[in-house]
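I opened my notebook to look up a few things in this model.

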Amino acid sequence: MASFTLQGIPVSRGIAIGRAHLLRPAALDVQHYLVGQEQVEAEVQRLQAAIVQVHKELQAIWSDLPLDAPTELGAFIDVHVLILSDPMISEAPLDIIRTRHYNAEWALVSQIDELSAQFDEIEDDYLRERKADIQQVAERVLKVLTGTAGSATRSDGIDERSANMIVVARDISPADMMQFRDVAFTGFVTDEGGQNSHTAIVSRSLGIPAVVGMGNASHLIEQDDWLIIDSDAGVVIVAPSTLVLEQYRERQTVLMKARKKLGKLKKTPAITQDGVEITLLANIELPQDAAPALEAGASGVGLFRSEFLFMESSGQEHKLPTEEEQFEAYRTAVTAMKGRPVTIRTLDVGADKPLDTTEHNILNPALGLRAIRYCLAEPQLFLTQLRAILRASAFGSVKILIPMMAHGFEIDQSLAMIEQAKTELRKEGKDFDANIAVGAMIEIPAAALSLPMFVKKLDFLSVGTNDLIQYTLAIDRADHEVAHLYDDLHPAILQLLQMIITAGERAGIPVSICGGMAGDIRLTRLLTGMGFRELSMPAALLPEIKQEILNTRLDALQGHVKKILRSYDSATIRETLAVMGSITASLPTLH
């Protein structure tokens with residue numbers, strides 16, 4: 001077989017070498033037929049029985065989780081249980097059977113198609129990719145209905161060739177990933193997914209190389225093909241030559257040795273060679289993510305995306321998480337961090353997010369009623385969340401982060417809502433931190449250009465680089481046709497970042513970065529050289545970023561940083577960045 005290379009989205013780091021194991025999903029192209037009136041209830045019962053069986057399967061997988069399994073796996077299985085229990089899955093298809101007389105498989109797929117279309121309209125990457133959860137749950141039910149429930153699990157009698165197994169699939173659910181826990185799998189390749197898909201999140205937490213969003217890899221790769229995953233480059237090499245295999249094995253050995261060394265840095269402070277301390281924080285999506293972040297060496301949580309608590313209520317306005325449910329989730333994260341700060345971002349959803357099933361005709365959801373705009377338009381929802389966050393602040397260090405503010409009145413109204421929540425809690429005799437810090441997420445160019453009105457009224461700033469780049473360059477980062485224009489080193493982006501950090505320094509308030517740039521090791525020296533002292537990123541990236549900081553002398557970078565900030569030439573910026581990447585490597589460590 002001739003060797004060929006596939007390109008996808010890198011979502012973790014490292015190299016994997018092994019045999020392809022194809023994971024076949026349940027066919028969504030199911031049979032379509034109408035059932036007679038006398039058969040309707042039997043068809044309803046058939047679907048109900050399949051849902052009950054999948055519930056039992058998920059509970060069994062949860063019970064069998066090994067003690068050392070990543071927290072994310074259990075949390076994701078919980079998500080699938082919640083989805084399976086949601087009336088949009090457990091009841092709506094039954095109504096379709098009763099009203100349209102569809103067979104069970106057709107009814108389920110019809111409902112899933114409708115929900116998937118709603119998720120496709122979501123602007124937020126993380127929430128949009130939760131469509132995969134719904135599809136994965138549906139596939140498990142379809143496997144029961146079609147009698148193929150065992151097709152996603154590993155085959156018996158896996159021989160020595162599969163000792164280094166690379167799973168190839170259209171997509172992989174967390175529950176299916178657990179079916180391989182007794183087999184040595186070394187990597188994942190999927191047709192679908194992005195930076196925030198479950199395959200991406202779990203692969204990062206496990207430290208396993210993965211490339212996603214490959215389009216049709218599962219159709220091009222054959223069972224037992226030799227594969228190389230270069231997840232740094234987002235490349236999968238199929239049927240590599242002996243010479244290429246040997247070259248990658250040598251690189252793999254070097255990387256494995258380096259990873260073991262990084263594990264020793266967990267408790268080492270991130271201090272540059274010239275004595276400047278950098279605070280490294282973790283981004284989390286789930287309350288259960290806090291403990292692993294602490295174990296990875298995080299000095300706190302720089303971004304807790306509270307959207308996760310709301311997303312399971314799609315189409316169920318009356319089922320939005322209560323104050324108590326939110327409070328318990330926030331308190332879980334706060335107590336797990338053992339006194340280290342936890343920054344909770346208030347709800348970042350909007351008219352384009354699936355909090356209800358109302359049809360919206362929004363030309364551009366990214367510019368619509370989202371984040372703080374949505375919260376101020378739904379004051380009771382906002383007040384409930386603020387009360388829950390404030391109550392959690394009685395159990396540790398908590399900060400409130402408000403996303404997408406651009407106007408002075410948004411700052412004033414947000415602060416007024418926080419004061420209202422405090423007043424209510426005082427009357428009820430409930431404890432909270434009266435001096436809780438409140439900050440703004442700077443992710444709109446207008447905010448970056450009007451920082452004085454932010455620093456006068458708020459306690460800290462946090463830069464959301466993903467949206468800042470999107471809005472500044474007028475690029476939809478979810479649109480593959482313009483994805484090549486998404487440039488975190490564009491001169492305009494660097495100028496805005498410099499403006500933000502300078503404004504923070506002058507006002508004497510901290511400025512952190514919680515977007516994708518913070519976890520990009522190529523940019524660590526540039527960001528710290530510009531003056532950023534707080535970086536927040538996925539916990540798995542903390543060790544390598546810390547090592548980069550430990551090998552850096554900021555005083556040796558200043559001339560290069562100034563050159564980059566003065567330049568409007570892309571090639572010059574990248575060349576100078578490359579020089580910065582090598583300038584400190586040979587310097588001795590100071591004691």
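My entries follow, topic by topic.

**Ground rules.** I worked from a predicted model, where local features need pLDDT of at least 70, side-chain atom pairs count only at pLDDT 80 or more, and totals for chains, interfaces and linings use all residues. Residues are numbered from 1 along each chain as its sequence is written, and side-chain values use heavy atoms, with hydrogens and water left out.

**Overall make-up.** I found 25 helices and 16 strands in the protein chain; these are DSSP runs (helices H or I, at least four residues; strands E, at least two), numbered from the N terminus. Of the 591 residues, 57% are buried. For burial I used relative accessible area with a 1.4 Å probe, protein chains only: under 20% is buried, over 50% exposed, and in between partly exposed. I also looked at contacts (heavy atoms within 4.5 Å). Among those between residues at least 6 apart in sequence, 71% join residues at least 24 apart.

**Salt bridges.** Side chains of opposite charge can pair when their charged atoms come close. My rule was a side-chain nitrogen of Lys or Arg within 4 Å of a carboxyl oxygen of Asp or Glu. By that rule I have 31 salt bridges.

- I looked up Glu 41 and Arg 98, whose closest N and O atoms are 3.1 Å apart in a salt bridge. This pair links distant parts of the chain, with Glu 41 in helix α1 (residues 40–63) and Arg 98 in helix α4 (residues 92–100), 57 residues apart. Glu 41 counts as partly exposed because its relative accessible area is 39%. Arg 98 is partly exposed too, at 36%.
- I then turned to Glu 285 and Arg 305, a salt bridge with 2.2 Å between the closest N and O atoms. Glu 285 sits in the loop between β9 (279–284) and α12 (290–295), and Arg 305 belongs to strand β10 (residues 301–305), 20 residues apart.
- My last pair was Glu 323 with Arg 391, bridged at 2.9 Å, N to O. Here helix α14 (residues 323–336) holds Glu 323 and helix α16 (residues 379–392) holds Arg 391, 68 residues apart. Both Glu 323 and Arg 391 are buried. I also saw that a network of salt bridges links Glu 323, Glu 324, Arg 387, Arg 391, Glu 424, Glu 428 and Lys 430.

**Helix α20 against helix α21.** How do these two helices cross? I have the axes of α20 (residues 465–473) and α21 (residues 491–507) coming within 10 Å and crossing at roughly 125°. I called α20 oblique to α21, because angles under 35 degrees count as roughly parallel, over 145 as roughly antiparallel, 65 to 115 as roughly perpendicular and the rest as oblique. Axes are lines fitted to C-alpha atoms, for helices over the stretch in contact, and angles run from 0 to 180 degrees between N-to-C directions.

From α20, Thr 465, Leu 468, Ile 469, Thr 472 and Leu 473 meet Ala 492, Ile 493, Leu 496, Leu 497 and Ile 500 of α21. I sorted the residues of this contact into eight nonpolar, two polar and no charged. In that scheme Ala, Val, Leu, Ile, Met, Phe, Trp, Tyr, Cys and Pro are nonpolar, Asp, Glu, Lys and Arg charged, and the others, Gly among them, polar.
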